[in-house]
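Hello,

Here is the structure I promised to pass on. Please open it first, then read my notes below.

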Amino acid sequence: MIASSELILNPDGSVYHLNLKPEHIAKDILFVGDQNRVEKITKHFEKIEFSQQKREFKTQTGYYKGKRITVMSSGIGPDNIDIVMNELDALVNIDLKTREVKEELTSLNIIRIGTSGSLQADIPCDSIVLSQYGLGLDNMLRSYLIDDISEKEIEEAFIKQTQWDMKKGRPYVIKGSEILEKRMESETIFKGFTGTAGGFYGPQGRVLRLGIQDPELNSKMDSFEFEGIKMTNLEMETGAIYGLGKLLGHECLSLNAIIANRATGTFSDDPYKAVDALIEYALDKLAE
């Protein structure tokens with residue numbers, strides 16, 4: 001039995017942070033970072049059957065073209081992903097009354113719909129990137145046993161090519177769901193490595209008033225390539241989602257609307273339009 005100090009439940013029996021019970025979520029789940037983006041997705045639904053919010057975690061479950069889908073805001077960063085992924089898994093794979101792991105486990109389909117900045121000049125603003133791999137520059141996932149799921153050859157190549165300072169922790173690489181990749185891919189979107197940083201400013205090479213450990217890191221990542229696959233974009237969630245998803249047995253994929261291009265110094269003329277286009281693309285693919 002899992003102790004109450006480890007799996008914390010609210011007085012109504014819901015999981016602590018998400019404030020959800022098992023019946024509140026669908027098998028197909030869309031993640032967004034911003035809680036205000038949840039309704040930008042569910043406005044396309046024919047019906048919303050459930051809505052809940054606690055802190056930055058907003059959840060709505062309903063139907064799009066007859067398919068039951070949950071949309072959830074995760075907030076920003078790998079630390080929030082640690083909360084969301086573990087509590088979602090508890091909803092489907094732990095009996096919350098007996099506090100025991102179920103004999104038959106459920107695999108969720110989790111797709112992140114996010115915004116990101118491109119690292120390549122040929123991946124323009126307003127395009128879509130499908131993350132074949134999550135390349136984690138944060139240390140959160142290293143709290144878990146990931147040696148059996150990480151791509152060590154790619155990790156070594158990245159460390160060598162970028163001259164990575166190991167005092168910042170060892171980068172990790174996790175492959176996304178091949179099943180969801182086939183469902184979501186098309187000739188119009190880009191694929192590649194998506195870097196997951198543990199912060200927005202220094203960890204992504206931005207300089208305001210503080211100097212950073214490696215001012216050349218972005219240019220080093222721009223040129224990173226492994227067997228023809230390039231580093232495409234940088235954000236703050238994908239690697240953590242892929243790692244925890246693979247450890248817990250869930251299918252996970254990340255789709256990003258490119259609203260900035262770090263290589264050309266440009267920003268989308270209409271980032272909201274780019275996000276809306278990605279939302280409609282993902283919903284239609286999921287409902288096929």
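Leucine 119 is buried, with a relative accessible area of 2%. Buried means under 20% relative accessible area, exposed over 50%, and partly exposed in between, using a 1.4 Å probe and protein chains only. Leucine 119 sits in the loop between strand S7 (109-118) and strand S8 (128-136). Helices (H or I, at least four residues) and strands (E, at least two) are DSSP runs, numbered from the N terminus.

A word on the source. This is a predicted model, in which local features need pLDDT of at least 70, side-chain atom pairs count only at pLDDT 80 or more, and totals for chains, interfaces and linings use all residues. Residues are numbered from 1 along each chain as its sequence is written, and side-chain values use heavy atoms, with hydrogens and water left out.

What does leucine 119 touch, leaving aside its neighbours within four places in sequence? Its contacts are Met221, Asp222, Met231, Thr232, Asn233, Leu234, Arg262 and Ala263. Contact means heavy atoms within 4.5 Å. Glutamate 103 is 16 residues from leucine 119 in sequence, yet 44 Å away in space, C-alpha to C-alpha.

Another such pair involves glutamate 156, in helix H3 (residues 152-162). Glutamate 156 is partly exposed, at 45% relative accessibility. Isoleucine 179 is 23 residues from it in sequence and 26 Å in space, C-alpha to C-alpha.

Now the cores. A nonpolar core is a set of buried Ala, Val, Leu, Ile, Met, Phe, Trp, Tyr and Cys residues joined through side-chain atoms within 4.5 Å. The largest one has 58 residues. Leu30, Phe31, Ile41 and Leu88 have the most contacts inside it. Helix H7 (residues 271-287) supplies the largest share of this core, eight residues. A second, separate core has 18 residues, including Trp164, Phe224, Phe226 and Ile229.

Leucine 30 deserves a click. Not counting residues up to four places away in sequence, leucine 30 touches Ile41, Ile69, Thr70, Val71, Met72, Ile111, Ile113, Leu283 and Leu286.

Next, a helix pair. Helix H2 (residues 78-93) and helix H6 (residues 238-248) pack at an angle of about 25 degrees, with their axes 9 Å apart. Axes are lines fitted to C-alpha atoms, for helices over the stretch in contact, and angles run from 0 to 180 degrees between N-to-C directions. H2 is therefore roughly parallel to H6, a label for angles under 35 degrees. From H2, Pro78, Ile81, Asp82, Met85, Asn86 and Asp89 meet Ala240, Ile241, Leu244, Gly245 and Leu248 of H6.

H6 is mostly covered, with eight of its 11 residues buried. Among them are Thr238, Tyr242 and Gly243. Glycine 249 follows H6 and has a positive phi, near 90 degrees.

Last, the backbone. Most residues other than glycine have a negative phi. Which way does phi go at asparagine 19, positive or negative? It is positive, near 60 degrees. Asparagine 19 lies in the segment before strand S1 (28-32) and is buried, with a relative accessible area of 17%. Lysine 65 also has a positive phi, near 50 degrees. Lysine 65 lies in the loop between strand S3 (57-64) and strand S4 (67-73), and counts as exposed at 56% relative accessibility.

Best wishes

Terms used
Angles under 35 degrees count as roughly parallel, over 145 as roughly antiparallel, 65 to 115 as roughly perpendicular and the rest as oblique.
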